[in-house]
Amino acid sequence: MKPIKIGVLGLGTVGGGTVNVLTRNAMEITRRAGREIIITRASARSVDKQRICATHAIELTTNSLEIINDPEIDIIVELIGGAGVVKELVLAAIDNGKHVVTANKLLIAQHGNEIFARASEKGVIVAFEAAVAGGIPIIKALREGLSGNQIEWLAGIINGTSNFILTEMRDKGRDFADVLTEAQALGYAEADPTFDIQGIDAAHKLTILAAIAFGIPLQFDKVYTEGIANITRLDIQYAEELGYRIKHLGIARKSAQGIELRVHPTLIPQHRLIANVNGVMNAVVVKGDAVGPTLYYGAGAGAEPTASAVVADIIDVVRALTSDPDNRVPHLGFQANALADIPVLSCQHFSTAYYLRLTAEDKPGVLADVTGILADHNISIEAIIQKEPLQGETSIPIIMLTQITFEQEMTAAIAKIEALLTVTGKINHIRMETLG
Ligand code: HSE
């Protein structure tokens, strides 16, 4: 049979990894796919990538459209990232009847509904396993392995950079900025690292996971998103004293009221497996009604781990080339005309337990004022630590864990506590999840 010809758009970290994995494992891949798969063309911003292309006999161009318009190319692998022109390139590839494999989470989370509709019209596949959690086959697990379940919730460490920073801050007492620079040098962080730090990258990934878990359209703009910038070493230390670890989680939960989509730092009990996922590693817990909780763990970023997912998608596309387009695994796992219109809840409707850290004057009655406000809002305290004042200081840190409460009650209580004359500055509040 004729080999399948691939055109790769973008020869950055993941592009280079994909070339290496596809060529190194070519024989094994052919045995799996039933056809030889070769990269014949690639595009890059500059011709500096000539070496990798020359080694593997790949024709290099700076113009991606040449590849998209090449009738010899069967599959376009988009590894440029971002939207804008890239979205136009992907739509043009689809219009040319080419299958697309992409690692682009922003593109899928923000424009996936339109892209999948166009792909279905044209009878082509858009595969995007590498867009979420790097090398972990979480999309395949949700879309196929767990397709007999009703998914109740999922929670994941889905931004390796944030997890790397939190781990280094906890284990080595390193500074935030210093660890971020290292994550960038190692190729984990996004081109714009604010996407990692502000939780946007994780929100893109959660959007995709939730759509596949619950059979809903992709709704990135409805994800409540907080990053790790406000987490201090003190919070990490106090959380440890209380038996918890702070992780940056993406959480999607379905209830009778609707769906919660949220990304934020979270205290989780130290004994949970996911609390012990460190460094750049990712992990996702998925709770299905039939299977119970399941855990998926692996490298969430990096050249070859991400290439592992890209290449698996290429093989999947090759295997599906002769299948009837109407009977392929749907892009979001549910038939496109059967997506549900379930409301996504606003953050005021979330209910979680909380960690609170405030700084207050060390004098009688202060704690009573604080606990009185919490009681007025029906917020019950689970644990409390009051530290000695630091030498030469008159204020003290007070750390509290609360029981589960409605977000709107907590927001109102925090505003009242911050307004007390005896309380200084902002209250650092972090949501807690038992993930039981
Ligand atoms: N910047 C991402 C992360 C890369 O840190 O997880 C993988 O999507």
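**Reading the model**

Guide: Four bridges join E4 to E5, and the two strands run parallel. In this pairing, Ile75 has His99 in E5 as its bridge partner. The model is predicted: local features need pLDDT of at least 70, side-chain atom pairs count only at pLDDT 80 or more, and totals for chains, interfaces and linings use all residues. Residues are numbered from 1 along each chain as its sequence is written, and side-chain values use heavy atoms, with hydrogens and water left out.

Visitor: In what order do the six strands of the open sheet come?
Guide: Strands (E, at least two residues) and helices (H or I, at least four) are DSSP runs numbered from the N terminus. Two strands pair if DSSP finds at least two bridges between them. Here the order is E3-E2-E1-E4-E5-E6, with parallel pairing.

Visitor: Which residues of helix H5 are buried?
Guide: Buried means under 20% relative accessible area, exposed over 50%, and partly exposed in between (1.4 Å probe, protein chains only). In H5 (residues 85-95), the buried residues are Val86, Lys87, Leu89, Val90, Leu91, Ala93 and Ile94. Among the elements covering them are strands E1 (4-9), E4 (75-78) and E5 (99-102), together with helix H6 (105-122). Contact here means heavy atoms within 4.5 Å. Just after H5, Gly97 has a positive phi of about 80°.

Visitor: Why is strand E13 described as largely enclosed?
Guide: Eight of the eleven residues of E13 (residues 351-361) are buried, so the rest of the structure largely encloses this strand. Strands of a sheet pair through backbone hydrogen bonds, either parallel or antiparallel. E13 runs antiparallel to E17 (residues 423-432), with seven bridges, and antiparallel to E15 (residues 395-402), also with seven bridges. Arg357 has bridge partners in both: Asn428 in E17 and Ile399 in E15. Two bridges join E13 to E16 (residues 405-406), again antiparallel, and there Thr352 is partnered with Thr405.

Visitor: Which residues are around the ligand?
Guide: A residue is near a molecule or strand if one of its heavy atoms lies within 4 Å of it. Those around the ligand include Lys105, Asn159, Thr161, Tyr188, Glu190, Asp196, Asp201 and Lys205. A polar contact is a pair of N or O atoms within 3.5 Å; within protein, one must be able to donate a hydrogen and the other to accept it, and residues adjacent in sequence count only if both atoms are side-chain atoms. The Thr161 side chain has an N or O atom 2.6 Å from an oxygen atom of the ligand. A ligand nitrogen atom lies 2.6 Å from a polar side-chain atom of Glu190, and a nitrogen atom of the ligand is 2.7 Å from a side-chain N or O atom of Asp196. The protein covers 92% of the 260 Å² of accessible area that the ligand has on its own. Accessible areas come from the Shrake-Rupley method with a 1.4 Å probe; for residues, only the protein chains shown count as cover.

Visitor: Is Asn149 buried or exposed?
Guide: Asn149 is buried, at 18% relative accessible area. This residue lies in the loop between H7 (138-145) and E7 (151-157). A polar side-chain atom of Asn149 lies 2.9 Å from the backbone nitrogen of Ala290, and one lies 2.9 Å from the backbone nitrogen of Val291.
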